[in-house]
Amino acid sequence: MQVSNNKVVSIHYTLKNNEGAVIDESPKEQPLQYLHGYGNLIPGLEKALMGKSKEDKIDVSIPPEEAYGIRDDNNIQKVPKSQFEQGVEIKPGMQFQSQTEAGVQIFTVTSVEDDQITVDGNHPLAGETLNFNVEIAEVREATDEEIKHGHVHLPGHEHH
Ligand code: ZN
(Lines give C-alpha, C1' and ligand atoms only; values in the text may rest on other atoms or scores of the structure.)
Protein backbone atom coordinates (compact mmCIF):
# COMPACT_ATOMS: atom_id res chain seq x y z
CA MET A 1 0.00 0.00 0.00
CA GLN A 2 1.33 3.40 -0.96
CA VAL A 3 1.12 6.68 0.91
CA SER A 4 -1.69 8.84 -0.47
CA ASN A 5 -4.54 10.98 0.84
CA ASN A 6 -6.75 9.27 3.44
CA LYS A 7 -4.06 6.78 4.47
CA VAL A 8 -2.77 6.56 8.02
CA VAL A 9 1.02 6.50 7.87
CA SER A 10 3.44 5.53 10.66
CA ILE A 11 6.96 6.90 10.39
CA HIS A 12 10.21 6.70 12.31
CA TYR A 13 12.01 9.98 11.82
CA THR A 14 15.03 11.99 12.82
CA LEU A 15 15.06 15.72 12.20
CA LYS A 16 18.32 17.64 11.98
CA ASN A 17 19.08 21.28 11.31
CA ASN A 18 21.70 22.37 8.77
CA GLU A 19 24.42 22.18 11.44
CA GLY A 20 23.68 18.47 11.90
CA ALA A 21 22.17 18.80 15.38
CA VAL A 22 19.18 16.55 16.12
CA ILE A 23 16.16 18.78 16.77
CA ASP A 24 13.55 16.07 17.11
CA GLU A 25 13.07 12.34 16.65
CA SER A 26 10.31 9.79 17.09
CA PRO A 27 10.65 7.50 20.13
CA LYS A 28 12.19 4.17 19.03
CA GLU A 29 9.19 1.93 19.76
CA GLN A 30 6.61 4.55 18.94
CA PRO A 31 6.57 5.81 15.36
CA LEU A 32 4.64 8.97 14.63
CA GLN A 33 1.23 8.23 13.12
CA TYR A 34 -0.56 10.79 11.00
CA LEU A 35 -3.41 11.04 8.51
CA HIS A 36 -2.02 11.96 5.08
CA GLY A 37 -3.48 14.86 3.12
CA TYR A 38 -4.81 17.00 5.99
CA GLY A 39 -1.86 19.23 6.75
CA ASN A 40 -0.93 17.22 9.84
CA LEU A 41 2.72 17.32 8.75
CA ILE A 42 4.63 20.21 7.22
CA PRO A 43 3.88 20.44 3.47
CA GLY A 44 7.39 19.50 2.30
CA LEU A 45 7.39 16.28 4.31
CA GLU A 46 3.94 15.19 3.13
CA LYS A 47 5.06 15.81 -0.44
CA ALA A 48 8.22 13.71 0.05
CA LEU A 49 6.25 10.80 1.53
CA MET A 50 3.57 10.71 -1.18
CA GLY A 51 3.68 7.41 -3.09
CA LYS A 52 6.15 5.73 -0.73
CA SER A 53 5.53 2.30 0.84
CA LYS A 54 6.23 0.41 4.05
CA GLU A 55 9.99 0.04 4.76
CA ASP A 56 10.93 2.77 2.28
CA LYS A 57 13.58 5.14 3.62
CA ILE A 58 13.92 8.73 2.54
CA ASP A 59 16.37 11.54 3.22
CA VAL A 60 14.86 14.88 2.44
CA SER A 61 15.95 18.47 2.92
CA ILE A 62 13.01 20.83 3.27
CA PRO A 63 13.39 24.60 2.77
CA PRO A 64 11.67 26.95 5.25
CA GLU A 65 8.96 27.85 2.72
CA GLU A 66 7.73 24.22 2.84
CA ALA A 67 8.38 23.79 6.55
CA TYR A 68 7.58 26.41 9.22
CA GLY A 69 7.90 29.46 6.98
CA ILE A 70 10.43 32.24 6.77
CA ARG A 71 11.03 34.53 9.72
CA ASP A 72 8.91 37.68 9.73
CA ASP A 73 10.10 40.62 11.83
CA ASN A 74 6.49 41.83 12.05
CA ASN A 75 5.90 38.91 14.41
CA ILE A 76 8.22 40.50 16.95
CA GLN A 77 6.28 42.66 19.40
CA LYS A 78 6.83 44.66 22.54
CA VAL A 79 4.30 43.90 25.24
CA PRO A 80 3.80 45.81 28.52
CA LYS A 81 4.93 43.73 31.49
CA SER A 82 1.53 44.31 33.10
CA GLN A 83 -0.04 41.97 30.53
CA PHE A 84 1.86 39.03 31.96
CA GLU A 85 0.78 37.04 34.98
CA GLN A 86 1.95 38.74 38.17
CA GLY A 87 4.47 37.00 40.37
CA VAL A 88 6.12 35.14 37.53
CA GLU A 89 9.63 36.17 36.66
CA ILE A 90 9.82 36.60 32.89
CA LYS A 91 13.14 35.61 31.36
CA PRO A 92 14.46 35.47 27.80
CA GLY A 93 13.87 32.03 26.29
CA MET A 94 10.55 31.45 28.06
CA GLN A 95 7.70 30.43 25.80
CA PHE A 96 4.01 31.24 26.04
CA GLN A 97 1.01 30.02 24.16
CA SER A 98 -1.54 32.51 23.03
CA GLN A 99 -4.86 32.09 21.27
CA THR A 100 -4.87 34.13 18.06
CA GLU A 101 -7.07 34.33 14.98
CA ALA A 102 -4.75 31.83 13.29
CA GLY A 103 -5.01 29.34 16.16
CA VAL A 104 -2.62 28.70 19.01
CA GLN A 105 0.61 30.62 18.53
CA ILE A 106 3.80 30.19 20.51
CA PHE A 107 5.65 33.31 21.60
CA THR A 108 9.24 33.25 22.75
CA VAL A 109 10.53 35.97 25.07
CA THR A 110 13.61 37.51 23.46
CA SER A 111 14.36 40.37 25.86
CA VAL A 112 13.09 41.90 29.08
CA GLU A 113 13.39 45.62 29.78
CA ASP A 114 12.00 47.62 32.70
CA ASP A 115 8.34 47.70 31.75
CA GLN A 116 8.43 46.03 28.40
CA ILE A 117 8.91 42.52 27.22
CA THR A 118 9.86 41.69 23.65
CA VAL A 119 8.28 38.53 22.32
CA ASP A 120 8.86 36.73 19.02
CA GLY A 121 5.81 35.06 17.52
CA ASN A 122 7.72 33.32 14.75
CA HIS A 123 7.64 29.53 14.99
CA PRO A 124 10.87 28.42 16.72
CA LEU A 125 11.81 26.58 13.50
CA ALA A 126 10.86 29.43 11.13
CA GLY A 127 13.69 30.14 8.71
CA GLU A 128 15.29 26.72 9.26
CA THR A 129 15.95 24.15 6.57
CA LEU A 130 14.82 20.84 8.01
CA ASN A 131 16.67 17.63 7.18
CA PHE A 132 14.61 14.50 7.76
CA ASN A 133 15.63 10.84 7.73
CA VAL A 134 12.38 8.90 7.56
CA GLU A 135 11.53 5.20 7.50
CA ILE A 136 7.95 4.20 6.83
CA ALA A 137 6.80 1.67 9.42
CA GLU A 138 3.22 1.14 8.26
CA VAL A 139 0.59 2.38 5.84
CA ARG A 140 -3.10 1.60 6.40
CA GLU A 141 -6.50 2.79 5.26
CA ALA A 142 -8.00 5.48 7.50
CA THR A 143 -11.38 4.82 9.10
CA ASP A 144 -14.39 6.91 8.07
CA GLU A 145 -14.27 8.62 11.44
CA GLU A 146 -10.60 9.55 11.07
CA ILE A 147 -11.30 11.04 7.63
CA LYS A 148 -14.24 12.99 9.05
CA HIS A 149 -12.08 14.38 11.87
CA GLY A 150 -9.01 14.96 9.71
CA HIS A 151 -6.66 13.23 12.16
CA VAL A 152 -5.57 9.83 13.33
CA HIS A 153 -7.27 7.97 16.19
CA LEU A 154 -4.91 6.00 18.38
CA PRO A 155 -6.42 3.05 20.23
CA GLY A 156 -6.92 3.76 23.92
CA HIS A 157 -6.31 7.50 23.58
CA GLU A 158 -8.80 10.23 24.25
CA HIS A 159 -9.23 12.50 21.30
CA HIS A 160 -11.25 15.50 20.26
ZN1 ZN B 1 -11.02 12.61 16.23
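Modeller: Let us begin with a term that the reading requires: a residue is buried if its relative accessible area is under 20%, exposed if over 50%, and partly exposed in between. Please keep in mind that this is a predicted model. As a case, Tyr13 has a relative accessible area of 13% and is therefore buried.

Biologist: Into which domains is the chain divided?

Modeller: Domain 1 consists of residues 7-68 together with 127-149, and domain 2 covers 73-120. Between the C-alpha centres of domain 1 and domain 2 there is a distance of 30 Å.

Biologist: How should I read a pair of aromatic rings?

Modeller: Such a pair is described by the distance of the centres and the angle of the planes. In this model there are 2 aromatic pairs. One of them joins Tyr13 and Phe132, with 6.2 Å from centre to centre and 55 degrees between the planes, a tilted arrangement. Tyr13 belongs to strand E1 and Phe132 to strand E9 (residues 130-141), and the two are 119 residues apart. Like Tyr13, which is buried, Phe132 is buried, at 7% relative accessible area.

Biologist: Why is the pair of Phe84 and Phe96 called edge-to-face?

Modeller: Planes over 60 degrees apart count as edge-to-face. The planes of Phe84 and Phe96 stand at 70 degrees, with the ring centres 5.2 Å apart, so this pair falls in that class. Phe84 sits in the loop between strand E5 (76-80) and strand E6 (95-100), while Phe96 is in strand E6, so the pair ties together parts 12 residues apart in sequence. Phe84 is buried, at 14% relative accessibility, whereas Phe96 is partly exposed, at 26%.

Biologist: Let us turn to charged side chains. How many salt bridges are there?

Modeller: The count comes to 5 salt bridges. In one of them, the side chains of Glu141 and Lys7 meet at 3.6 Å, N to O. Glu141 is partly exposed, with a relative accessible area of 46%, but Lys7 is buried, with 12%.

Biologist: Which residue does Asp120 meet in a salt bridge?

Modeller: Asp120 meets Arg71, at 2.3 Å from N to O. Asp120 is in strand E8 (residues 116-120) and Arg71 in the loop between strand E4 (57-62) and E5, 49 residues apart. Asp120 is buried, at 8% relative accessibility, and Arg71 is partly exposed, at 41%. A further salt bridge joins Glu146 to Arg140, with the closest N and O atoms 3.0 Å apart. Here Glu146 is buried, with a relative accessible area of 1%, and Arg140 is partly exposed, with 28%.

Biologist: Strand E9 has been mentioned several times. In which sense do E1 and E9 pair?

Modeller: First, a general idea: in a regular strand the side chains alternate between the two faces of the sheet. E1 and E9 pair in the antiparallel sense, over 10 bridges. E4 and E9 also run antiparallel and are joined by 6 bridges. Asn133 in E9 is the bridge partner of Thr14, and Asn133 is the bridge partner of Asp59 as well.

Biologist: Which residues have the most contacts inside the largest nonpolar core?

Modeller: Those residues are Ile11, Leu45, Leu49, Phe132 and Val134, in a core of 20 residues. E1, helix H1 (43-49), E4 and E9 each give two or more residues to this core, and E9 gives the most, with 5 residues. Beyond its close neighbours in sequence, Ile11 touches several residues, including Leu41, Leu49, Val134 and Ile136. Apart from this core lies another, of 7 residues, among them Val79, Phe107, Val109 and Ile117.

Biologist: Finally, is Met1 buried or exposed?

Modeller: Met1 counts as exposed, because its relative accessibility is 52%. Met1 is found in the segment before strand E1 (7-16). Met1 and Ser53 are 52 residues apart in sequence, yet their C-alpha atoms are 6.0 Å apart in space. Among the residues in contact with Met1, leaving aside neighbours within four places, are Lys7, Ser53, Arg140 and Glu141. Lys7 and Glu141 are the partners of the salt bridge described above.

How values were computed
Residues numbered from 1 in each chain as written. Predicted model: local features only at pLDDT ≥ 70, side-chain atom pairs only at ≥ 80, totals over all residues. Heavy atoms only, no water. Domains from an automatic or database assignment. Helix = DSSP H or I, 4+ residues; strand = E, 2+ residues; numbered from the N terminus. Buried < 20%, exposed > 50% of the residue type's maximum accessible area, 1.4 Å probe, protein only. Contact = heavy atoms within 4.5 Å. Phe/Tyr/Trp six-rings, centres within 6.5 Å; stacked < 30°, edge-to-face > 60°. Salt bridge = Lys/Arg side-chain N within 4 Å of Asp/Glu carboxyl O. Pairing = 2+ DSSP bridges. Core = buried A, V, L, I, M, F, W, Y, C linked by side-chain atoms within 4.5 Å.
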